[in-house]
Amino acid sequence: MVSKPRGTRDFDVAEMEKRRFIQKQMETIFKRFAYKEIATPTLEHLELFEIKSGENIIDELYSFKDKGGRDIALRPELTAPVMRFYVEKLQMETKPLKFYYFGNCFRYDRPQEGRYREFWQMGCELIGSCSPGAIAELIALAYHAIKKTGLINIRLRIGNLNLLEKQIRKAIPSSSLSDFSPALHTDIFRLIDKNDIESMEQLLKKYKSSPKQIALFKEFLQSNNIDDITNYFKDSTEAQTDIEDFKKMLDSLELFGVPTRDVIEMNIARGLDYYTGTVFEIEAPQLGAEKQLCGGGSYTLVPLLGGTEIPTAGFAIGFDRVMMTLERENYEFPFSSELIYVMSLDRDLDREVIKMASQLRYSGFMVDFDLMNRAISRSLKYANKIGAKKTIILGKNEWDQDKVVIKDMQSGEQQEVKKEELEAFLV
Ligand code: HAM
């Protein structure tokens, strides 16, 4: 027996029905925000993900040499592919560009609940503006898309990497600032992202940060109030624009119908290296360790891929985690069967069954009939089993009077209807 690779999943019919339903719910919101769907390949040149995704992602890449000796990777995410597509083909299009996508991603991670080696992301990328209003609309989109699925208990957290970086610089004595390389900056961000505050402290100590500086920085990481944050930067003229923009963004977010109480968190650093400015995450606290449902923010990738510099921002929702959370919340999927089953009580009418099924399908009904030569009693049981809403029964007596019997499979009620009026009784 050959089994599926570790960290991958099969989805049965019931699961696929639920997944497609939730996918559509979110797509409805993306479309209402005027985002349009695009798709990129599952395979990309390895190099695309080595440019700026960061160590975490590179460590987890599925990569191989193809038969032509090229280094290829399965995509671990879709932001870099979408930016590659933009640089290759779409730079001349009218801005802003609002794209959404739904696709599988691959990360060679240690599988556990909510963490898979193949998982699905549903995301958006906005190309052309990172104004406070644009970022607010993007965050509102993520929030409303997740809400539309029916999820109740979610938490939005918003941070700002410009302010975080400025504060890191304040935590390091000016004599050591010359050593403040991008690599160090990345290391500190990574430790904050992992919430490994102890290692972060060790690193700051290595750069001769005083206990007071470290304490102040740790306090800053806990700030969740815009007035406190403004206070941290009262002597820094260069931080004022970031603060003003942050306030404007929060104000717009309220206008987009997103509650902003307690959303600010300065300890969001994100796990990918391409982010700049505003970053945000949406969590489902009930998921425990893998509670992050969505992550995003503004980022810089286009110039690194050879394109002309342009503001870009986006987010991706972990689709599998949304499904998991819905199950945890005992969400009742509002499914009602639309399936119509057709059967005959007389083998002479079997040809009529096919004709009727074809006609009904042509009219737009979802129709099934027996393909296994079942006996009559078995056929009705089968209709029940496949969840038919109604069964049309063709019997010789009724047929000769141009009638059929319709059985409601839920109530068990049967009624005779004229053949030409049949469709009206099926809706
Ligand atoms: P990310 O935070 O790496 O961001 O992934 C986004 C979401 O994908 C996570 O919040 C999580 O729900 C889900 N996810 C990540 N890894 C796994 C996994 N192994 N199994 C199940 N779900 C997972 C990005 O990928 C960025 N490209 C988001 C973005 C778009 N930023 C700007 N635009």
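Alanine 34 sits in the loop between helix 1 (13–32) and strand 1 (36–37), where helices (H or I, at least four residues) and strands (E, at least two) are DSSP runs, numbered from the N terminus. This alanine has a positive phi of about 65 degrees although it is not a glycine, and with a relative accessible area of 45% it is partly exposed; buried here means under 20% relative accessible area, exposed over 50%, and partly exposed in between, computed with a 1.4 Å probe on protein chains only. The model is a predicted one, in which local features need pLDDT of at least 70 and side-chain atom pairs count only at pLDDT 80 or more, while totals for chains, interfaces and linings use all residues. Residues are numbered from 1 along each chain as its sequence is written, and side-chain values use heavy atoms, with hydrogens and water left out.

A positive phi, near 60 degrees, also occurs at aspartate 262, again a residue other than glycine. Aspartate 262 belongs to the loop between helix 11 (240–255) and strand 8 (275–283), and its relative accessible area of 51% makes it exposed. A further backbone detail is the cis peptide bond that joins lysine 95 and proline 96, with omega at about -5 degrees. Proline 96 lies in the loop that runs between helix 4 (79–90) and strand 5 (97–106).

Helix 4 is mostly covered, since nine of its twelve residues are buried, among them Thr79, Val82, Tyr86 and Leu90. The buried residues of helix 4 pack against strand 2 (43–45), helix 2 (46–50), strand 5, strand 6 (118–127), strand 9 (292–299) and strand 10 (312–318), a contact being heavy atoms within 4.5 Å. Leaving aside residues up to four places away in sequence, glycine 103 touches Arg75, Leu78, Phe119, Trp120 and Gln121. The C-alpha atoms of glycine 103 and methionine 92 are 25 Å apart, although eleven residues separate the two along the chain.

What angle do helix 6 and helix 9 make where they pack? Helix 6 (residues 161–170) and helix 9 (residues 211–221) meet at about 165 degrees, with their axes 9 Å apart; axes are lines fitted to C-alpha atoms, for helices over the stretch in contact, and angles run from 0 to 180 degrees between N-to-C directions. The two helices are therefore roughly antiparallel to each other, on a scale in which angles under 35 degrees count as roughly parallel, over 145 as roughly antiparallel, 65 to 115 as roughly perpendicular and the rest as oblique. Helix 6 contributes Leu163, Leu164, Gln167, Ile168 and Lys170 to the contact, and helix 9 contributes Gln213, Phe217, Phe220 and Leu221.

Helix 9 also packs with helix 8 (residues 197–206), here at an angle of about 140 degrees and with the axes 11 Å apart. On the side of helix 8 the contact is made by Ile197, Met200, Glu201, Leu204 and Lys205, and on the side of helix 9 by Ile214, Phe217, Lys218 and Leu221.

Helix 5 (residues 132–148) and helix 11 form another packed pair, with an angle of about 45 degrees and axes 8 Å apart, and they are therefore oblique to each other. In this pair Pro132, Gly133, Ile135, Ala136, Ile139 and Ala140 of helix 5 meet Asp245, Lys248, Met249, Ser252 and Leu253 of helix 11.

The cysteines remain to be considered. A disulfide is a covalent bond between the sulfur atoms of two cysteines. The structure holds zero disulfides, a disulfide being counted as a pair of cysteine sulfur atoms within 2.5 Å. For cysteine 124 the closest cysteine sulfur is that of cysteine 294, at 9.0 Å, which is too far for a bond. For cysteine 130 the closest is the sulfur of cysteine 124, at 14 Å, again too far for a bond. Cysteine 124 is buried, at 0% relative accessibility, whereas cysteine 130 is partly exposed, with a relative accessible area of 29%.
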